[in-house]
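Let's take a friendly walk through a protein model together.

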Amino acid sequence: MRITDTSDLWWKTAVVYCLDVETFFDSGGDGVGDFAGLAQRVDYLAELGVTCIWLMPFYPTPDRDDGYDITDFYGVDPRLGDHGELVEFLRTARDRGMRVIADLVVNHTSDRHPWFQSAKKSKDSPYRDYYVWRSDPPPDTSKEVVFPDQEDSLWTLEETTGEWYLHRFYKHQPDLNVTNPAVRDHIARAMGFWLELGLDGFRVDAVPFFLETMGDDGTQLPDPHEFLRDLRRFLGRRSGDGILLGEVNLPYQDQLLFFGGSDGDELTVMFDFIGMQNLYLSLARQDAAPLAKALTARPAINPDNQWATFVRNHDELTLDKLTEDERQEVFAAFGPEERMQLYGRGLKRRLPPMLGGDPRRLRMVYSLLFSLPGTPVLYYGEEIGMGEDLDAEGRLAVRTPMQWTDADNAGFSTAAPKKLISPLVDGGFGPQFVNAARARRDPDSLWNFMALLIRRYRECPELGWGRFELLDQPVPSVLAHRCTWEESTIVLAHNLSAEPATVRLELTGGSGAGKDGTTRPLAGALLLDLLDGTDLELAGDGSVELPLDAYGYRWLRLHTPDDRRLP
């Protein structure tokens, strides 16, 4: 198989960049980012190496949940622009070779959506069955709420009709009833609308909740996964290479169901929450074992599917799949103050402050991110090392304006500071010290290092397509692995400790095997350093002594004497 044979599966080797239009760049001077401003910053993303932009919700909204409370699935919030400016941004991104996906938020609507406004007024409303209602008092569901500091039940009484409506999130976000065929048709039509305007797919929000039939007659939708398969088929018909990137924070075996099992016909790509949470446990312990255990526990998936890897996203940094003791270890290391924690299950912090601004450790973590098998996803500002605003409520701590320069308002807006969509980060990670303009000019900046990682990742199809294998070695703080695709092998090693280490790696067996099953000779083979380090020669038995600095990392391509390809 040649790389060109797989170009339609672009997500296998994509670099995804998540951003919120309202906090990225304000072109109008009103303090709110907009699509016209985003179009002006597309070249910045292209220069970094981004291949896919993920837009957080941009639809009309009362904005009580950062845009996830939607009043019109077909609209553009007027604060951000209009359909014409959105299309101009999409065209600009496409001209630079970038795909664009957007949040598909169809688990619920805003309570101000016209459907719900009608549904709550009368049991005879044509939109009544668009939502889930019950006439009898609900049981105690306080232990099931997603936001325990805001809600104490999954049900709220609507006094007009005397019935309760279901909301898995906030009470101002009533759940849609996916057992209703009309609702399912609306979801598909909304997807078709945005695909027609130029989107390349969707990040599907809260997928397990979205497919839930709690509180309604589940027999009307006996297999919720069939609905997800229907959406995947619809996407395939309308856009042959579109994707569904799913948020499914469940154990691996449950996640496998949302891929569609071995058929791979449901979600295209899924976030690896288990790997992310164990990465932080490994960082806290300076021990690679938790991450290694998680990576080896990943179930096999259809070759057309993919895992998405990340170290930060737009929500709290959830640690809910760790044990209570493990979670406390991570809190002690990276969020010891109560104001740094959220809901007792996660952190409201960005990575640089968590690591004390240590550039060695920060670069090691991002090197590890891009070296793991899967598709890396970045959250805006990660590339320059932005911090968080701990004074902001909840998840808004990491949703501050992008820091473009050290000028007024961080170059984000010309509005008066009090009109900004949210306050800027203050202190050592604020725009005076951390901004894109300074980072791009500094050859030793995190930005330039991230750009290098992205280039190398894109040059190494083994990382997106290859077979992952953990390499045995005796140093607990080191994660060493290889990814092999056809006749190509990348060897990767990361030291999670502040102490230097030297590890002995045995590269016999799979690393030298060609696609025909024969073993390639390793005598005289080289490990070519891909990050401007020193090449290493393998011993005749396929072993190598690999030195690693404190928080050191190496990317090495195996190059054998009979390999006629360019290194």
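Tyr-280 touches Val-311, Leu-317, Leu-319, Val-330, Phe-334, Leu-351 and Met-354, leaving aside residues up to four places away in sequence. Keep in mind that the model you are looking at is predicted. As background, nonpolar side chains tend to be buried together in soluble globular proteins.

Next, look for the barrel. Eight strands close into it with parallel pairing, in the order E1-E2-E3-E7-E8-E9-E10-E14. On average, neighbouring strands of this sheet are turned by 25° against each other, with direction ignored. Strand E1 (residues 16–19) and strand E14 (residues 375–379) pair in the parallel sense over three bridges.

Helix H6 (residues 181–197) lies across strand E3 (99–104), strand E7 (201–204) and strand E8 (243–246), and runs at about 135° to E7. Helix H14 (residues 359–371) lies across strand E10 (306–309) and E14, with an angle of about 140° to E14.

Now find an open sheet. Three strands form it in the order E11-E13-E12, and their pairing is antiparallel. Strand E11 (317–318) and strand E12 (341–342) are the edge strands, each pairing on one side only. E11 is joined to strand E13 (residues 346–347) by two bridges, and Thr-318 has Gly-346 in E13 as its bridge partner.

Charged side chains come next. The model has 40 salt bridges. In one of them, Glu-329 pairs with Arg-285, and the closest N and O atoms are 2.8 Å apart. Because Glu-329 lies in helix H12 (residues 324–334) and Arg-285 in helix H10 (residues 273–285), this pair ties together parts that are 44 residues apart in sequence. Are these two residues buried, exposed or in between? Glu-329 is partly exposed, with a relative accessible area of 31%, and Arg-285 is partly exposed too, at 37%.

Another salt bridge links Asp-315 and Arg-395, with the closest N and O atoms 3.0 Å apart. Asp-315 lies in the loop between E10 and E11 and Arg-395 in the loop between E14 and helix H15 (436–441), so the pair ties together parts that are 80 residues apart in sequence. Both Asp-315 and Arg-395 are buried.

Glu-316 forms a salt bridge with Arg-345, the closest N and O atoms being 2.8 Å apart. Glu-316 sits in the loop between E10 and E11 and Arg-345 in the loop between E12 and E13, 29 residues apart. Why do both count as buried? Buried means under 20% relative accessible area; Glu-316 counts as buried because its value is 6%, and Arg-345 because its value is 18%. Salt bridges that share partners join Asp-66, Asp-315, Glu-316, Arg-345, Arg-395 and Arg-399 into one network.

Finally, step back to the domains. The domain assignment gives domain 1 (4–107 + 179–456), domain 2 (114–166) and domain 3 (466–559). The centres of domain 1 and domain 3, taken over C-alpha atoms, are 31 Å apart, and 25 residues of domain 1 are in contact with 22 residues of domain 3.

Our last stop is strand E17 (residues 488–495), where eight of eight residues are buried. In a regular strand, side chains alternate between the two faces of the sheet. Both faces of E17 are covered: Ser-488, Ile-490, Leu-492 and His-494 are buried on one side, and Thr-489, Val-491, Ala-493 and Asn-495 on the other. Eight bridges join E17 to strand E16 (residues 478–485), and the two run antiparallel. E16 and E17 form a hairpin with two residues between them, and Glu-486 in the turn has a positive phi of about 55°. E17 also pairs with strand E22 (residues 553–559) in the antiparallel sense over five bridges, where His-494 stands opposite Tyr-553.

Technical notes:
Residues numbered from 1 in each chain as written. Predicted model: local features only at pLDDT ≥ 70, side-chain atom pairs only at ≥ 80, totals over all residues. Heavy atoms only, no water. Pairing = 2+ DSSP bridges. Helix = DSSP H or I, 4+ residues; strand = E, 2+ residues; numbered from the N terminus. Axes fitted to C-alpha atoms, helices over the stretch in contact; angles between N-to-C directions. Contact = heavy atoms within 4.5 Å. Salt bridge = Lys/Arg side-chain N within 4 Å of Asp/Glu carboxyl O. Buried < 20%, exposed > 50% of the residue type's maximum accessible area, 1.4 Å probe, protein only. Domains from an automatic or database assignment.
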